[in-house]
Amino acid sequence: MSNIDKSETYKLGSHTVNRLGYGAMQLAGPGVFGPPKDHDGALAVLREAVANEVNHIDTSDFYGPHITNQLIREALHPFPDDLVIVTKVGARRGDDGSWIPAFSPRELTQAIHDNLRNLGVDVLDGVNLRCMFDVHQPTEGSIEAQLNVLAELQQRGLVRHIGLSNVTPTQIDEGRSMCEIVCVQNYYNLAHRNDDALIDELAREGIAYVPFFPLGGFSPLQSSTLSNVASRLGVTPMQAALAWLLYRSPNILLIPGTSSVTHLRENLAAARLKLSPESLSELDRIAS
């Protein structure tokens with residue numbers, strides 16, 4: 001039995017994916033910039049993920065830049081028929097590794113072609129528009145012009161599905177008035193729960209919610225309550241945090257990232273973890 005048999009599935013556009021996937025961001029070098037220290041190790045992580053029935057990989061050509069997509073292609077191409085690779089556009093990297101908005105029609109179009117080339121595909125399964133009105137958090141601003149570009153590329157057959165990242169409910173409503181939005185990717189985890197109401201609304205609409213930094217990102221989750229619950233269950237705190245997310249709502253798709261095969265296996269094992277009502281209640285209270 002694979003680690004993720006019990007994580008169940010959810011629709012991502014026309015695809016059905018296992019709810020516990022993999023995020024490739026950490027395969028790039030420090031600061032998500034430059035090549036990995038262990039090239040062969042990065043390939044091994046990707047192959048291990050797919051061997052354990054991960055069929056949803058999150059990436060972007062601005063990771064590296066270009067690094068993670070090139071690693072995915074080297075490790076897994078030709079891709080399994082059921083593998084869904086979702087990328088992001090809307091940003092680029094400065095020479096110093098900074099994150100810079102790349103929202104013009106030319107930049108968005110170039111980003112699509114860069115993703116196609118580096119992944120070695122003719123069409124992208126999914127593309128999330130990363131909103132960069134503020135690099136760190138959702139900030140209001142119209143996304144009509146940017147979505148028009150992606151919708152046109154979708155009509156040309158270069159993009160199958162469109163999603164949104166780092167967005168507000170108002171921007172989601174604007175996006176849905178223009179085209180089908182299959183997923184929303186925002187910052188959310190056990191301790192950072194600003195999107196609680198949004199997740200429930202998207203679930204009612206059948207739209208996937210993909211939390212980035214599900215384990216806290218560059219500042220890993222730390223909580224005595226989380227540690228105590230994990231200790232009682234005989235698992236790591238990160239496994240307990242991932243399991244809570246799977247319990248939180250059926251439309252949540254997880255993409256925890258790692259550059260370690262050992263940590264990947266630990267993350268995937270979270271799909272088999274059973275949380276009692278008491279444990280869920282304890283974990284729910286962490287955010288408050």
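Pro78 sits in the loop between α2 and β5 (84-89), where helices (H or I, at least four residues) and strands (E, at least two) are DSSP runs numbered from the N terminus. The peptide bond that leads from His77 into Pro78 is cis, with omega near 0°. The model is predicted, so local features need pLDDT of at least 70 and side-chain atom pairs count only at pLDDT 80 or more, while totals for chains, interfaces and linings use all residues. Residues are numbered from 1 along each chain as its sequence is written, and side-chain values use heavy atoms, with hydrogens and water left out.

**Overall architecture**

- The chain contains 10 helices and 11 strands.
- The radius of gyration of the chain is 18 Å, which agrees with the value near 19 Å that a compact globule of 288 residues would have; the radius is taken over C-alpha atoms, and the globule rule is 2.2 Å times the number of residues to the power 0.38.
- Along the principal axes, the C-alpha atoms fill a box of roughly 55 × 40 × 35 Å.
- Of the 288 residues, 55% count as buried, a class defined by under 20% relative accessible area, with exposed meaning over 50% and partly exposed in between (1.4 Å probe, protein chains only).
- Among contacts between residues at least 6 apart in sequence, 73% join residues at least 24 apart; contact means heavy atoms within 4.5 Å.

**Surface and charge**

- The accessible surface of the chain comes to about 12400 Å², and 48% of this surface belongs to carbon and sulfur atoms; areas come from the Shrake-Rupley method with a 1.4 Å probe, and for residues only the protein chains shown count as cover.
- The chain has 23 positive and 33 negative charges, and the mean positions of the two sets are 3 Å apart.
- In this count Lys and Arg are positive and Asp and Glu negative, with His and the chain ends not counted; each charge is placed at NZ of Lys, CZ of Arg, CG of Asp or CD of Glu.

**Buried asparagines and their polar contacts**

- Asn189 belongs to the loop between β10 (181-185) and α6 (196-205), and Asn189 is buried, with a relative accessible area of 1%.
- The side chain of Asn189 reaches two backbone atoms: the nitrogen of His192 at 2.9 Å and the oxygen of Phe213 at 3.0 Å.
- A polar contact is a pair of N or O atoms within 3.5 Å; within protein, one must be able to donate a hydrogen and the other to accept it, and residues adjacent in sequence count only if both atoms are side-chain atoms.
- Not counting residues up to four places away in sequence, Asn189 touches Phe213, Pro214, Gly216, Leu221, Trp244 and Leu245.
- Asn18, in strand β2 (residues 15-18), is also buried, with a relative accessible area of 14%.
- A polar atom of the Asn18 side chain lies 2.7 Å from the backbone oxygen of Glu53.

**Backbone features in loops**

- His66 lies in the loop between β4 and α2, and phi of His66 is near 75°, a positive value in a residue other than glycine.
- His66 is partly exposed, with a relative accessible area of 29%.
- Asn166, in the loop between β9 (159-165) and α5 (169-176), has a phi near 60°, which is likewise positive in a residue other than glycine.
- Asn166 is buried, with a relative accessible area of 3%.

- Gly126 has its place in strand β8 (residues 124-130) and counts as buried at 6% relative accessibility.
- The C-alpha atoms of Gly126 and Cys183 are separated by 9.2 Å, although the two residues are 57 residues apart along the chain.
- Leaving aside neighbours within four places in sequence, Gly126 is in contact with Ile85, Val86, Thr87 and His161.
- Arg204, in helix α6, counts as exposed at 64% relative accessibility.
- From C-alpha to C-alpha, Arg204 and Asn251 are 9.1 Å apart in space and 47 residues apart in sequence.
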